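Thanks, everyone. I will keep this short; please have the model open while I talk.

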Amino acid sequence: MDTSEFKEIFAAEARDYLQSLNQDLLRLEQAPGNRLILDDMFRAAHSLKGMAATMGFQELSAFTHEMESVLDLLRTGQLAGEQHVVDLLFKSVDVLEEVLEATLAGTAPTSPSQLIKRLKELAGTQGATALGGGELGGLKIDDYDRETIREAYTQGLKAYVVHITLRHNTLLKSVRVFTIFQALESVGTVIKSDPPAHDLEDERFDLDFSLLLLTQERAEGVQSLVEGISEIDGVEVMELALPEPTGQQEAAAALNIEANPVDFLKTAQIQQRTNDKYVRIETERLDKLVNLVGELVISRTQVLEVVKDLKDAEHKGVVSQLDRVTTELQHAAMNLRMVPIRHVFHRFPRMVRDLARASGKEINLEIFGEETELDRSLVNQIGDPLVHLIRNSIDHGIEERSVRIARGKPEVGTIRLGARHEGSHILIEVADDGGGLNVEKIRAKAVERGLIPKEAESLTLDEAVNLLFQPGFSTAGTVTDISGRGVGLDAVKAVVESLSGTIEVESEPEKFLRVIIKLPLTLAIIKALLVVADGETYAIPIQAVRENLQITKSQIKTVQQHNVIVLRNEVLPLYDLAECLGFTPLSMGDDEESLSVIVMEARGQKGAFIVEDLIGQQEIVIKSLGDLIGEVKGVAGAAVLGNGRVALILDNSTLLR
Amino acid sequence: MAKTVLITDDTAFMRMTLKNVIQKNGYIVVGEAADGEEAVAQYLELRPDLVTMDITMPKMDGITAIKEIMKHDPNAKIIVCSAMGQKPMVIEALNAGAKDFLVKPFDADRVVEALRKAAP
């Protein structure tokens, strides 16, 4: 059966199951042994296994099979849900996610053999594996193999699945595989491999592979034989039990893999039918729609430009109707791109739990406003900055228990993560009730790092915050696993600024720290200032522009051979925009000629740019330059203007460097 | 007792590099050969525990040398040294009886691992 067309729906469903497994685990930790939760998890693992097997994703189905076994023992009370079991399940879900994503991306997933082994140990099935239908250690065993194995047993041979992982830096992998075959063939016969032998020979595999070996040797003998070869990271030898001729179907039914491969597709269809409030659409189609609406918005602007001078009331009525409808359509289309921030937030409960445990602190994560919506493109990018901030809160913010008690605070620290809308912006907040910013400590560190002079007086909170966001600044006393590598906050700032957002920090020493990220709801349409340089029109995102002003040549001063202007006691470097872009600088007339200057800011740096002319503000639809041109330094994209001409959108942060 | 090694390579530099690594790890380099003929002659004379064998060499290449040595001593522990892209020749050397292979540029840990595993 060709299943490739179901890959999308498989991916979406599998991710849903993973997420629910994660949530269930968190709940299970609070209510150990809860049958309802365990049943739910068991079902999720079971469904995943069936789906993966149907898709032919062997790694995935083999792994989920082991998870399912452990979950089954847990829910039937044959295994106690102790902490180490829960931890192993957490780890398993993580690895499962990796395997899933690798499988979906088409890269060969690394077999989680270690983890499978531990799960097996838990489930107590470490001994002989029943030889049913389906797969074993990635190997598909068909009727023919089964016959061969049965035949071998009658001759006193044993059958093993040997799973081998090569060291990651192995050179000439295929030759290494050859030495392994050489060694194994000296004691028996390799009757099958996964990937197949020719793939191994052409190095079309990642690091691990499985072999089906018939030999007289004992499992330990095979194990040490392979371990005696260089560049081997791990060997697992599983003995296959002799298949009962009648047990075959039963075994296949138990694995529920080949029994009914269309099961999950059916379920998926049923779900779609009962759930017709929602439609799953490919994001690509959605992007196309939004793009087309963008084009329409441009056309509208052009039409408005053309009819601007019309006196005819009737035409004017038609045009304003068109204007209204397109505007509404634009909003509706933009809304389609909006997704709840829940998609970003959902990974944090797990992360906070893990990091809190690692740092020996007790931390409670409160989440609010997770239904707040934002543009899909932002969702993908805002995750990492939030990870940084939350890590910081756990590592530097929340104090050790003893400190908290001494300060009269609740023993359990709290981190609040939330979002809300404000006008056309979304505010995302990360707050903790920890030690807050220690301005004096920041000052000392900054002096030590040479960021500020020694004699610098005490800093204000804002100044301290600015220092924190500078590259290479870290106040962590020791470098820990969690944070304090000296990267982080400046990276956070860079990402937020690249998304046209801002960061605000509020803090009270020993009380709290609150970081608020403010982002525009969408990046597809922005307000821009249009300027002219060397005859060409350029667009500058409005949030980068601090002000525009007129100066005369006589106001230009020179400091260390650089042009500057003085604006309200602030010395700003002055550049010619055309020159920055590699074109002819504006020729200057006499001293009293008036020059248009815009002041831009990025990463706290300001600069003034002389332009030929200012056109004004306009809403523009950002278009990428296309794959042929790719990324151009200093250019963030292009926009089609009302008059049909193309204007390049300038990237302020590059210009100011 | 420390194991003895015969190094075979046509460049003095590679011999020196290998010798350095090998001696640092508790092995005794008893001989150095610059081509296959020398390697066979020295092997018969010195009977080292281990041999490292380059493939491409003047007079007699490494693969022929391995075959010669194996003829005289089927228990010889030879590690073939190759560059990337010499895959068919490495396979030939392994078929001829080499126990393991090393790929240039040499990684010290790999050299030691190969020696250790070839003659435990």
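I will go through the chain interface, then a helix pair, then salt bridges and some backbone details.

Some conventions before that. This is a predicted model, in which local features need pLDDT of at least 70 and side-chain atom pairs count only at pLDDT 80 or more, while totals for chains, interfaces and linings use all residues. Residues are numbered from 1 along each chain as its sequence is written, chains are lettered from A and ligands numbered from 1 in the order in which they are written, and side-chain values use heavy atoms, with hydrogens and water left out.

Now the interface. Chain A puts 15 residues into the contact and chain B puts in 15 residues, where contact means heavy atoms within 4.5 Å. About 1300 Å² is buried between chain A and chain B, with 59% of that coming from carbon and sulfur atoms. Buried area here is the accessible area, with a 1.4 Å probe, that two parts lose on being put together, summed over both. On the chain A side, the most area is lost to chain B by A:Leu172, A:Val175 and A:Phe178, which together give 37% of what that side buries.

How many salt bridges does the rule find across the interface of chain A and chain B? There are 3, a salt bridge being a side-chain nitrogen of Lys or Arg within 4 Å of a carboxyl oxygen of Asp or Glu. A:Arg167 and B:Glu113 form a salt bridge through their side chains, at 2.5 Å, N to O. Helix H7 of chain A, residues 173-185, supplies the largest share of the chain A side that touches chain B, with 6 residues. Helices are DSSP runs of H or I with at least four residues, strands are runs of E with at least two, and both are numbered from the N terminus. By class, that side of chain A has 5 nonpolar, 5 polar and 5 charged residues. Ala, Val, Leu, Ile, Met, Phe, Trp, Tyr, Cys and Pro count as nonpolar, Asp, Glu, Lys and Arg as charged, and the others, Gly among them, as polar.

Next, the helix pair in chain B. The axes of H1 (residues 12-24) and H5 (residues 108-118) of chain B come within 10 Å and cross at roughly 65°. Axes are lines fitted to C-alpha atoms, for helices over the stretch in contact, with angles from 0 to 180 degrees between N-to-C directions. B:Leu18, B:Val21 and B:Ile22 of H1(B) make the contact with B:Ala108, B:Val111, B:Val112 and B:Leu115 of H5(B). That contact has 7 nonpolar, no polar and no charged residues.

Over all chains, the salt-bridge count comes to 49. One of them joins the side chains of A:Glu68 and A:Lys49 at 3.0 Å, N to O.

Last, the backbone. The peptide bond from A:Asp194 to A:Pro195 is cis, with omega near 0°, and so is the one from B:Lys104 to B:Pro105, with omega near -5°. A:Gln560, not a glycine, has a positive phi of about 50°.
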